[in-house]
Amino acid sequence: MTPVSWQPDRSADPGSWPHPPMTTAIGRGLLGRCPACGKSHLFNSFLRVVSECSNCGAPLGLVRADDVPPYITILITGHIIVPLLFMVDRMGEPPIWLMSAIFLPLTLLLTIGLLQPIKGGVVGIMMNLNMLKSDPAAT
Ligand SMILES: [Zn+2]
């Protein structure tokens with residue numbers, strides 16, 4: 001059995017769009033702007049990334065964030081909700097209906113509120129690292 005090794009393709013064309021520093025790209029993505037130029041919208045619906053930046057031409061549609069944004073969203077939401085839930089429970093064991101009335105909407109709001117900015121940040125990281133899907137026809 002031969003060992004499998006993978007190396008990033010550093011000879012790939014870096015593209016003609018701007019390549020800002022990593023923190024700038026992440027910040028622009030978190031704000032829902034193009035990570036490359038920061039001047040146009042990153043999303044054309046809640047989580048659908050535009051195929052190409054209308055300002056700088058960065059191929060944003062070739063970035064496939066896949067499951068990373070939901071994973072990070074669940075990680076952050078869980079680390080906020082679970083300690084709060086235990087704290088409230090220890091303060092006097094409130095009834096289940098009250099706990100549900102507080103924490104179910106809070107969890108939903110946090111999840112929906114964090115998902116789009118986190119996806120933008122992940123797209124910013126992936127654009128900065130030039131992690132683009134090479135074949136647009138492939139799924
Ligand atoms: Zn742009």
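1. Let's start with how the helices meet. In this predicted model, the buried residues of α1 pack against α3. Which residues are those? The buried residues of α1 are Ala25, Ile26, Arg28 and Gly29. They sit on the same side of α1, because they cover an arc of only 165° around its axis. As a bit of background, an α-helix has 3.6 residues a turn, so residues three or four places apart point the same way.

2. Now the geometry of that pairing. The axes of α1 and α3 are 6 Å apart, and the two helices pack at an angle of about 150°. An angle over 145 degrees counts as roughly antiparallel, so α1 is roughly antiparallel to α3. Their crossing is right-handed. On the α1 side, the contact is made by Met22, Ala25, Ile26, Arg28, Gly29 and Leu30. On the α3 side, the residues include Pro117, Gly120, Gly121, Val123 and Met127.

3. Stepping back to the whole chain: how many helices and strands are there in the protein? You'll find 3 helices and 0 strands, and reading along the sequence gives the pattern α-α-α. Of the 139 residues, 19% count as buried. Take the contacts between residues at least 6 apart in sequence: 59% of them join residues at least 24 apart.

4. Next, have a look at the largest nonpolar core, which has 16 residues. Those with the most contacts inside it are Cys34, Ala58, Leu60, Val63, Val123, Met126 and Met127. The elements giving two or more residues to this core are α1 (22-30) and α3 (96-128). The largest share, 5 residues, comes from α3.

5. Leu60 deserves a click in the viewer. What does it touch, leaving aside its neighbours within four places in sequence? Leu60 is in contact with Cys34, Leu42, Val49, Val50, Ser51, Glu52, Cys53 and Val123.

6. Leu110 is another spot to check. This residue lies in helix α3. Is Leu110 buried, exposed or partly exposed? Leu110 is partly exposed, because 16 other C-beta atoms lie within 10 Å, and a residue needs 20 or more to be buried. Not counting residues up to four places away in sequence, Leu110 touches Thr77, Ile80 and Ile81. Leu110 and Ile81 are 29 residues apart in sequence, yet 9.1 Å apart in space, C-alpha to C-alpha.

7. Last, some backbone angles worth a second look. Most residues other than glycine have a negative phi. Glu93 is not a glycine, but has a positive phi of about 45°. Where is Glu93? It lies in the loop between α2 (68-90) and α3. Glu93 is exposed, with 9 other C-beta atoms within 10 Å. Asn130, not a glycine either, has a positive phi of about 55°. Asn130 lies in the segment after α3 and counts as partly exposed, with 15 C-beta neighbours inside 10 Å.

Terms used: Residues numbered from 1 in each chain as written. Predicted model: local features only at pLDDT ≥ 70, side-chain atom pairs only at ≥ 80, totals over all residues. Core = buried A, V, L, I, M, F, W, Y, C linked by C-beta atoms within 7 Å. Buried ≥ 20, exposed ≤ 12 C-beta atoms within 10 Å, placed from the backbone. Helix = DSSP H or I, 4+ residues; strand = E, 2+ residues; numbered from the N terminus. Contact = placed C-beta atoms within 7 Å. Arc of directions from axis to C-beta. Axes fitted to C-alpha atoms, helices over the stretch in contact; angles between N-to-C directions. Parallel < 35°, antiparallel > 145°, perpendicular 65-115°, else oblique. Left-handed = near helix turned anticlockwise from the far one by under 90°.
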